[in-house]
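I opened a new page for this structure today. My plan is to take the chains in turn and then look at where they meet.

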Amino acid sequence: MISQLAIVLFDGFAFGMLLFVLSVGLSVTLGLMNFINLAHGAFGMLGGYVAVTAMRGLGWPFLAALPAAFLAAAGISVLLERTLFRRLYKSGELNQVLFTIGVVFVAAALATYAFGTVQQVIQLPAWLRGSVEVAGLRLGTYRIFIIAVALAITGLLVFGLERTRLGARIRAAVDNQRVAQGLGLDVEKIFAVTFALGSGLAGLGGALAIEIVGLDPSFGFHYLVYVLIVVSVGGLGSVAGSFFGAALLGICDVAGKYFVPEIGSFLIYLLLVAILFVRPLGLFGKR
Amino acid sequence: MTVEAPTLADPHDWLRRRSRWSVFEIAFWVASLLPFFLFQTYLPLASQIAITALFAVSVDLVLGYAGVVTLGHAMFFGLGAYSAGLISKAGWGEPLTGLIIAGLFAGLVGYIASFIIVRVQHLALIMITLGFCLLTYELANSMSWLTGGTDGLQGVETWPILGVFRFDLWGYAAYGYALAALFLGLVLSRRIVHSSFGLSLRGIRENVRRMPAIGSDYRGHLQKIYTISAVMAGCAGALLTQTTDTVSLDTLSFQRSADVVVMLVLGGTGRLYGAVVGTIIFMVARDQLSDMNPQYWYFWIGLLLMVVVLLMPRGILGSLAQLARRRD
Amino acid sequence: MLTRTAAAMALVLGLGWSSSAFAQETVKIGVILPYSGPFADAANQLEAGIKLYMQQNGDEVAGKKIEIIRKDTGGPAPDVAKRLAQELVVRDQVDILAGFALTPEALGAADVSAEAQKLMVVMNAATSVVTEKSPYIVRTSVTIPQVNYAFGKWAFEQGGVKEVYTLVSDYGPGHDAQSSFSKGFTEAGGKIVGADKTPVANPDFSAFVQRVKDANPEAVYVFIPGGAQPAALGKALADRGLTPPNVKLFGQGELTHPEALESMGETAKGIITTYHYTLERDDPLNNEYVKSYREANNGRSPDLFSIGGYDGMHLIYESLKKTNGDTGGDALIEAAKGMSWTSPRGPMSIDPETRDVVQTVYIREVKEVDGKLQNVIIHEIPDVKDPLHGAK
C-alpha cells in the first residue's frame, strides 16, 4: 500500500512538473503585464514542432533539441510581442482574449499546413527510456528526467528573481510599474525579456510533453485549459504558486484516478472551483 | 461605453427615450426576413445563426452589461439542449412547452450557481465559470445511460410547431421558429437594459465597490441577471435540439463557451445587436471560408479576429457606431 | 523541409477538384467530415483514400462525371453535420452523402438521408446502431463489436488466456469495445477480473496502469482512440513491466498503428491486436494500394480511415455501374445490398439485410521483421458480421 502511494505520488508529481513548465511563463506574464495571452499554448506547440524537426529532420540529439525549442519559442514570441502584442497592453482584456485566440487559430492552421495533422513522435535516447528500480519502486526514467528539469528551472527562476539585477528589476516592475519607470527602469525592455523567457519555457514544456502526451496541431487549444487551471490555482505572477499549484493538480489528478477512478475526470475541476472559491487569488496570489 | 447623463428632470423620460426603436433596428428585423425569399437554400444555416445569436445575446447580458466575464456559458446552453431532448425522448415532443421547460431548468441551475458566481471576480470568476462548464460536461459524459454519452442522445423527435409547421428539410419552420425566439429574446433584453435595473447593472460593471455605497444590492442584481441569462442560453440550446433533433456533448463544450465569447467581442459588447452582428459575421465567414477550403479555413478566421482587434477595438458594431457618431 | 512544403502545396492545389463539367451529366457526392478540430487527421486520411480511388479509377462512371463537394463539421458536431447534409441536399443537390468519420455526426445526418431518400455511405463511424437509422445507409468501414466480439472468443479459445483485465476509454466506442470483447471472452469461458475506464481526454495514464498492476492480471485488454494515446498508454504499461512476455496485452488495431509502434519501440513486441485492415498484409492488391497511397501522401501509410474511404468509393462506383447511372436512393441501395468484392483489406461484402459490412477479422501480433516492428497476422476469421444487429 505504501509503495503504491509512493508510486502514485511520484507519477502525479512528474505530471504536475510537466504542467508547471508549460504554464509558469503565462503566470509570470499575466501577473507582470496583465496581458491575457491565450496563445501561450501555441508557443508550447511551436517548441514541440521545433524539437521534432530538429530530431527527425536534422538528426539532433534530444538534449540539443530542448534548448532549440526554448530559443525558437522565445525568439518568435519576442518578435510577436514587439510587433503586435504590445499594442494590446492598454486595450481591454476582452480584446487581448480575442486577439490571442486569433493567434492560436493561425498557429494551428500553419502547423497543419507545414506538418500535417499526423501525431508527431520522437525517439528518446536509450538512457531516458524504460524504468529504474529505486528502493523497491519502479520509476519511469523519463519522469525522473522531467522532475529534474522542472526543479532546475524552478531553482534558476527563484534565484534569478531574488538574487539578480534583472530579477530585482522585474520585481520592481511588477510591484509598481509607474514608480519603476519613474526611477529610470526600461519597463518595456523588461517586459520583452520576461515575455521571451515565459514563452521559451512554454516551448521547452511543449518539447518535453511530446513523449508523454503527444503533439498535433490542436495542442495549443488542448492544453490551454490545463495551463489556465494551474495559473489561476497557483496565483498570478508567482513562481512558487505555479510550482505548488501544478504539483497539487498533478498529484490529485493521478491519485484521484487511482483511488476513485469513477470520479477521476471530475476531481481536477472540483478542486479548481473549490480552491478559487475559498482563495480567489489562488494559493500564492498577492494581488 | 459612455452613457449620456440622465437629465435630472425626469429620469423615466430619459430611459423611455433611450429605449425607442431606431430606424436601424427596424431595418434589421425587416432584413432578417430576407432569407425566406432570397436565400432559401441557406435557411438551415440562418436558423443556426439565429440560435447562436440568441446565445450570444444571453452572454452579452452578463458580460457586456454586468461585467461578469464567463467562459462557461455553454453549460446553460447544453443543459437546455439536453432537457429539451430528454422531454422529447420521454414522449412529449411539443416544441413550445419543451422550450419553456428547458429554459426554466437552465435558469434554475443558473440561479443556484449564481450564489457562487457573485462572490468572486476577475480570473477566479472566469475560471469558476469554466470549471462549472467542464464539470457539467464530464457529468453528462459519465451519465451516458441518460444522455447517450459521446454518441449523443438518440430518439429525439420534435412535433410540428403549433401542430401545423413541421420541421422540414429546407428549414423554413426551423428558421421561422428560431427567428421568432431571437426577436422575443431581444425585445425582452432591450426592456431589461433600458430599465433602471439595467442601469444599475452598468453601475456594477463600472465600479463594483461603489454600488453598495449608494445603497444598491449589487449581489441581488447580479444573481437576477445571471439567472435571466441562463434561461435565455437554455432556450437557445433547446432551440438547437428541436430544430435538429440532435443533442450531443459538444453543446456543453469549452469550445462552444469560447466561440460565443469570440463572436460577442467581435461584434461589440454591451449593445445587444453587437452580439447578433458578431454571430452573423463569424458564422457566415466560417461557412464561406470552410466551403472554399475545409482544412485551413481557421487561418483566415484567426486573421479576421486579429485585424478586428487592431482596427476596431470596440468590436465591429461598436466601432461603426463610434464612426457614425463622429460624422454627426 | 523545402521539399515537404512543396509537396504540401502540390497537395493543396491538387485538392481543387474540378467542378466545371457542365457539358456532362454529373453525380454529386457530398462528403461530410471533421476536416478541422481534434479529428482532422481522421478526415485527412479518409479523404486521401477517396482521392486515391478516384485517381486510380478515373472520375467518370456510367457515362457520368463524379463531383465531390467537401464540408467541414469541425469536430464531433451532429447539429452541424445535419445542417450540412440538409444544405448539400437542397442547395448543392447532391445525389449521395458520404464520409462520416464520427458516430454522432453519422447519426445526426441519418434523418436527412431517410427524408431525402439519398444513399448515405458511412466510411468510418463504427457504432453498430448507425446503419439502422435510415434505410439508405450502407457502411464500408467496420463496427467495433464486429472485430472485438470475435477477438474475445479467440483470446480464450486460441489465445490461451483465462483471465483478463479491461481498460477502455470512457466513451461510446470504448464501452462498445469493452462489452463486446467481454461478451465474446466470457461466453467462451473466460473471466474478467477487473474493468477500468479512462477519461477520453486523458493526458496521463499512470494511475490506471498502476491499478492494473495491482490486480496482477494474466492479460490486459485495452481500447483507446487513435492518435497520441496509444503510444502514451503503451509506454506507461512498459514502464510498469506490463508488456509481453510478462503480461499478455490485447487491443484493437489503433494501439499499434505505425506512429505508435515507432514511439513505443522494442516494448511493443508481442502485443496482440485485432483489426479489419492490416497495413503489412502481404497480398498483391494490398501492396499495390499501400505503395500508391504512400506515393500520393508524402510517404504516409494508409490506416483504417483510408481504407474506409477507399472502399466507400468503390461501393459508390460499382453501385452506379449497376444502376447504369441512376442516382435514386432506392436504386443505389438495392445495388449496394449484397455486393461483394476483394479490397486491399481482403474479401468483403455488404450484408443485404443490415446493409452493414461483412469481412475478415485479422488477429495480429507485433513482431520484428527485417529490423522493423510490424503487425504480423497470426489468425484470420473470415466473413464476420456485426453481432449486435438483430440481437436486440
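**Entry 1: chain A, overall.** I read along chain A and wrote down its pattern of elements, α-α-α-α-β-β-α-α-α-α-α-α-α-α. My tally from the assignment is 12 helices and 2 strands. I note here that I am working with a predicted model.

Next I looked up the dimensions. The C-alpha trace of chain A spans about 60 × 45 × 35 Å along its principal axes. How does the radius of gyration of chain A sit against that of a compact globule? For 287 residues such a globule would have a value near 19 Å, and chain A has 19 Å, so the two agree.

I then checked burial. In chain A, 57% of the 287 residues count as buried. I also checked how far contacts reach along the sequence. I took contacts in chain A between residues at least 6 apart, and 77% of them join residues at least 24 apart.

**Entry 2: chain A against chain B.** I turned to the contact between these two chains. It brings together 30 residues of chain A and 29 residues of chain B. Which elements of chain A give two or more residues to this side? I found helix H4 (93–115), helix H10 (224–234) and helix H12 (264–278) of chain A. H4(A) supplies the largest share, 14 residues. By class, the side of chain A that touches chain B holds 23 nonpolar, 6 polar and 1 charged.

**Entry 3: one residue in chain B.** Where does Ser19(B) lie? I found it in the loop between helix H1 (11–18) and helix H2 (23–31) of chain B.

Leaving out residues up to four places away in sequence, Ser19(B) touches Arg190(B) and His194(B). I also looked up the separation from Tyr273(B). Ser19(B) and Tyr273(B) are 254 residues apart along the chain, and their C-alpha atoms are separated by 13 Å.

**Entry 4: chain B against chain C.** I moved to the next contact. Chain B puts in 24 residues and chain C puts in 29 residues. On the chain B side, the elements giving two or more residues are helix H4 (43–65), helix H12 (218–244) and helix H15 (297–311) of chain B. H4(B) gives the most, with 3 residues. I sorted the side of chain B that touches chain C by class and got 8 nonpolar, 13 polar and 3 charged residues.

**Entry 5: chain C, overall.** I listed 12 helices and 15 strands in chain C. The radius of gyration of chain C is 21 Å, close to the 21 Å that the globule rule gives for 392 residues, so chain C is as compact as a globular protein of that length. Its C-alpha trace spans about 70 × 55 × 40 Å along the principal axes. Buried residues account for 62% of the 392 residues in chain C. Of the contacts in chain C between residues at least 6 apart in sequence, 70% join residues at least 24 apart.

**Entry 6: strand S4 of chain C.** I stopped at strand S4 (residues 96–99) of chain C, whose faces are both covered. Ile96(C) and Ala98(C) are buried on one side, and Leu97(C) and Gly99(C) are buried on the other.

Which way do S4(C) and strand S1 (residues 26–33) of chain C pair, parallel or antiparallel? They pair in the parallel sense over 4 bridges. In that pairing I noted that Gly99(C) in S4(C) is the bridge partner of Ile32(C).

S4(C) also pairs with strand S5 (residues 119–122) of chain C, in the parallel sense and over 4 bridges. Here Ile96(C) stands opposite Leu119(C) in S5(C). I followed the chain from S4(C) through helix H4 (residues 103–116) of chain C to S5(C), and this β-α-β crossover is right-handed.

**Entry 7: domains of chain C.** The domain assignment gives domain 1 (22–142 + 284–355) and domain 2 (145–275 + 361–384). I found the C-alpha centres of these two domains of chain C 29 Å apart. Their contact takes 9 residues from domain 1 and 10 residues from domain 2. The side of domain 1 that touches domain 2 divides into 3 nonpolar, 4 polar and 2 charged.

Conventions:
Residues are numbered from 1 along each chain as its sequence is written. Chains are lettered from A and ligands numbered from 1 in the order in which they are written. This is a predicted model: local features need pLDDT of at least 70, side-chain atom pairs count only at pLDDT 80 or more; totals for chains, interfaces and linings use all residues. The radius of gyration is taken over C-alpha atoms; the globule rule is 2.2 Å times the number of residues to the power 0.38. A residue is buried if 20 or more other C-beta atoms lie within 10 Å of its own, exposed if 12 or fewer, and partly exposed in between; C-beta atoms are placed from the backbone. Two residues are in contact if their C-beta atoms, placed from the backbone, lie within 7 Å. Two strands pair if DSSP finds at least two bridges between them. A crossover is right-handed if, with the strands pointing away from the viewer, the path from the first strand over the helix to the second runs clockwise. Domain bounds come from an automatic or database domain assignment. Ala, Val, Leu, Ile, Met, Phe, Trp, Tyr, Cys and Pro count as nonpolar, Asp, Glu, Lys and Arg as charged, and the others, Gly among them, as polar.
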